[in-house]
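Dear colleague,

Please find the structure below, with the sequence alongside. My notes on what was found in it follow directly after.

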Amino acid sequence: MTWTAVTEHRAQLGEGPFWDAPAQALYWVDIAGKQALRLIGQNVQIWQMPEHVSAFIPCASGDALVTLSSGVYRLDLDSPGLEPRLTLFCVADPQPGNRANEARCDGQGRLWLGTMQNNIGEQGEDLPITRRSGGLFRVDPDKRVTPLLRGLGIPNTLLWSDDGTTLLFGDSLDSTLYRYFIHTDGNLDAAQPWYSADQHGGPDGSAMDAEDYVWNARWDGSCLLRLTPEGKVDRKIDLPISRPTSCVFGGADLKTLYITSAKSPLNHPLDGAVLSLRVDVAGKLCTRFAD
């Protein structure tokens, strides 16, 4: 397999890759570096955020959502990178000391946002996690916020079945990916462990391919695991980075896998890069926020 770093940019904590098929654009963030980034062709645009930012998701209306520590904001994509125009959309989790982490849109274009105790200092340094204060929230286009889960450690991975009846959602503090049944009223049934193992690092973000297999980034594991729909390891894909954080399928045929990563004490040359890899199966489309 041949890897390519898509830009020379190196993030402190790269995360949240999103492939916008209509624009053939890759969105991602540097949480600790407080940056929202977009790649179109060979052109990288960077918006400097005032706070830690965990996700950068385009909207159907033409702007984008960014999930900051203090709330969910709309970003004017025509605003300059050093003076981004931000408008508060909603505050999903008002608990002091928490920050946004994993965030993606379901098939209906609703934002699902996982939060956690803030573990990043002002200079990007690691802070200890001492409480399970995070939650999972659904944000509708009308700004309505629905709390779904409480007591989370480090929420990672948000994937839905095509029919919208099941959710795969992880908590890295448990080293486990869970499966939830989604009731018709939108609430979640009790968690069922779906994949739990830490011999290849811990679970971080994931993408789903057209065969319903899950590609899970393994923090400190220097690899991705491709997991079957039943939660068994299908294959291990070794990576030249210490801390892969998430992945998404993109490209014109959705067969290019983009992988975000973070810096690590090992200081590998590609740590913090976004890597691309051609794979033999197409992925599923990302959904824009429906407003």
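In these notes, helices (H or I, at least four residues) and strands (E, at least two) are DSSP runs, numbered from the N terminus. This is a predicted model, in which local features need pLDDT of at least 70 and side-chain atom pairs count only at pLDDT 80 or more, while totals for chains, interfaces and linings use all residues. Residues are numbered from 1 along each chain as its sequence is written, and side-chain values use heavy atoms, with hydrogens and water left out.

**Annotated region**

UniProt, in an unreviewed entry, places the feature "domain: SMP-30/Gluconolactonase/LRE-like region" at residues 13-262. UniProt positions are given in the numbering used here, feature names are shortened, and annotations may be inferred rather than shown by experiment.

**Annotated binding site**

The unreviewed UniProt entry also places a "binding site" at Glu15, Asn156 and Asp204. These residues span 190 residues in sequence, yet no two of their C-alpha atoms are more than 10.4 Å apart, so they gather at one spot.

Asn156 belongs to strand β14 (residues 155-160). With a relative accessible area of 4%, Asn156 is buried; the term means under 20% relative accessible area, with exposed over 50% and partly exposed in between (1.4 Å probe, protein chains only). Contact is taken as heavy atoms within 4.5 Å. Not counting residues up to four places away in sequence, Asn156 touches a set of residues including Glu15, Asn101, Asp171 and Asp204. The side chains of Asn156 and Asn101 make a polar contact (3.4 Å). A polar contact is a pair of N or O atoms within 3.5 Å; within protein, one must be able to donate a hydrogen and the other to accept it, and residues adjacent in sequence count only if both atoms are side-chain atoms.

Asp204 is located in strand β18 (residues 202-208) and is buried, its relative accessible area being 5%. Neighbours within four places in sequence aside, the contacts of Asp204 include Glu15, Asn156, Asn216 and Trp219.

**Salt bridges**

Which residues pair through opposite charges? A salt bridge is a side-chain nitrogen of Lys or Arg within 4 Å of a carboxyl oxygen of Asp or Glu, and the structure holds 21 salt bridges. One of them joins the side chains of Arg288 and Asp20 (2.7 Å, N to O). This pair links distant parts of the chain, with Arg288 in the segment after β24 (275-278) and Asp20 in strand β2, 268 residues apart. Arg288 is partly exposed at a relative accessible area of 28%, whereas Asp20 is buried at 2% relative accessibility.

Asp171, listed above among the contacts of Asn156, forms a salt bridge with Arg132, with 3.0 Å between the closest N and O atoms. Here too distant parts of the chain are linked: Arg132 is in the loop between β11 (111-117) and β12 (134-139), and Asp171 is in strand β15 (residues 166-171), 39 residues apart. Arg132 counts as partly exposed at 40% relative accessibility, and Asp171 is buried at 3%.

A salt-bridge network links Asp209, Glu211, Arg226, Asp234, Arg235 and Asp280. Within the pair Arg226 and Asp234, the closest N and O atoms are 3.0 Å apart. Arg226 is buried at 4% relative accessibility, while Asp234 is partly exposed at 34%. The charged end of Arg226 also sits over the ring of Tyr213, 3.8 Å from its centre; this requires NZ of Lys or CZ of Arg within 6 Å of the ring centre and within 35 degrees of the ring normal.

**Aromatic pairs**

Rings of Phe, Tyr and Trp (its six-membered ring) pair if their centres lie within 6.5 Å; planes under 30 degrees apart count as stacked, over 60 as edge-to-face and the rest as tilted. By this rule there are nine aromatic pairs. Trp19 and Tyr258 are stacked, at 5.5 Å centre to centre and 15° between the planes. Trp19 lies in strand β2 (residues 14-20) and Tyr258 in strand β23 (residues 256-262), so the pair ties together parts 239 residues apart in sequence. Both Trp19 and Tyr258 are buried.

Ring pairs also link Phe18, Tyr27, Trp47 and Phe56 into a cluster.

With kind regards
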